[in-house]
Amino acid sequence: MDKFDQAIIGQLKINARQSVSAIADAVNLSRSAVTERIKKLERQGQIRGYQVLLSESQKVGVSAYFEIQHQCTRCSNIVKVFQVIPEVLTCHGITGDMDLLVYVQTDSMQRLHEIREYLDAEPDIVKIKTHVVMSEWINNLG
């Protein structure tokens with residue numbers, strides 16, 4: 001990759017939707033030379049694709065429920081683990097095989113994964129089931 005290829009990639013990083021003419025002007029090459037270089041960079045895998053970046057107001061986070069089974073004698077002994085995670089919105093004691101139902105809202109799937117790994121490392125937690133929320137049909141909580 002020479003300095004022209006790097007300059008073309010630099011222009012595409014600024015705005016991948018700009019015209020080939022605008023890129024050609026910016027890097028001091030002809031339109032046909034820029035077109036051929038872009039095609040070559042795509043074929044070689046240097047340019048793997050283009051993406052849409054949404055404004056913050058258009059982003060939607062990830063919500064999930066964790067079903068937690070622990071080995072503490074009381075649920076209140078394990079709650080401290082969840083209190084240090086700012087994404088935890090609710091933590092309820094429940095009946096059945098699992099002991100707690102924890103609701104989290106995160107900015108990304110990566111952050112959800114980090115929380116899950118943090119909980120997996122807790123020695124008093126025996127089992128975790130993760131349920132990612134795909135749709136919300138009714139929310140009367142406001």
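A pocket is here an open set of grid points with protein on both sides within 12 Å along at least five of seven lines, and its lining residues are those that have an atom within 4 Å of a point. In this predicted model, the largest pocket is lined by 14 residues, among which Leu12, Ala16, Gly49, Tyr50 and Gln51 lie nearest its centre. The space in this pocket comes to about 420 Å³, and its lining comprises 7 nonpolar, 4 polar and 3 charged residues.

Leu12, one of the residues nearest the centre of the largest pocket, also takes part in the contact between helices α1 and α3. Helix α1 spans residues 3–14 and helix α3 residues 31–43, and their axes come within 10 Å and cross at roughly 85 degrees. Since angles of 65 to 115 degrees count as roughly perpendicular, α1 and α3 are therefore roughly perpendicular to each other. On the side of α1, the contact is made by Phe4, Asp5, Ile8, Ile9 and Leu12, which meet Val34, Arg37, Ile38, Lys40 and Leu41 in α3. By class, the residues of this contact divide into 7 nonpolar and 3 charged, with no polar residue.

The strands β1 to β4 form an open sheet in the order β2-β3-β1-β4, with antiparallel pairing. The edge strands, each of which pairs on one side only, are β2 (88–93) and β4 (125–132), and neighbouring strands of the sheet are turned by 20 degrees against each other on average, direction ignored. Within the sheet, strand β1 (residues 62–70) and strand β3 (residues 100–106) run antiparallel and are joined by 7 bridges, with Val62 standing opposite Thr106 in β3.

Technical notes: Residues numbered from 1 in each chain as written. Predicted model: local features only at pLDDT ≥ 70, side-chain atom pairs only at ≥ 80, totals over all residues. Heavy atoms only, no water. 1 Å grid on protein atoms, 1.4 Å probe; cavity = no way out; pocket = protein on both sides within 12 Å on 5 of 7 lines; lining within 4 Å. Points joined across faces, edges and corners; volume = space filled by probe spheres on them. Nonpolar A, V, L, I, M, F, W, Y, C, P; charged D, E, K, R; others polar. Pairing = 2+ DSSP bridges. Helix = DSSP H or I, 4+ residues; strand = E, 2+ residues; numbered from the N terminus. Axes fitted to C-alpha atoms, helices over the stretch in contact; angles between N-to-C directions. Parallel < 35°, antiparallel > 145°, perpendicular 65-115°, else oblique. Contact = heavy atoms within 4.5 Å.
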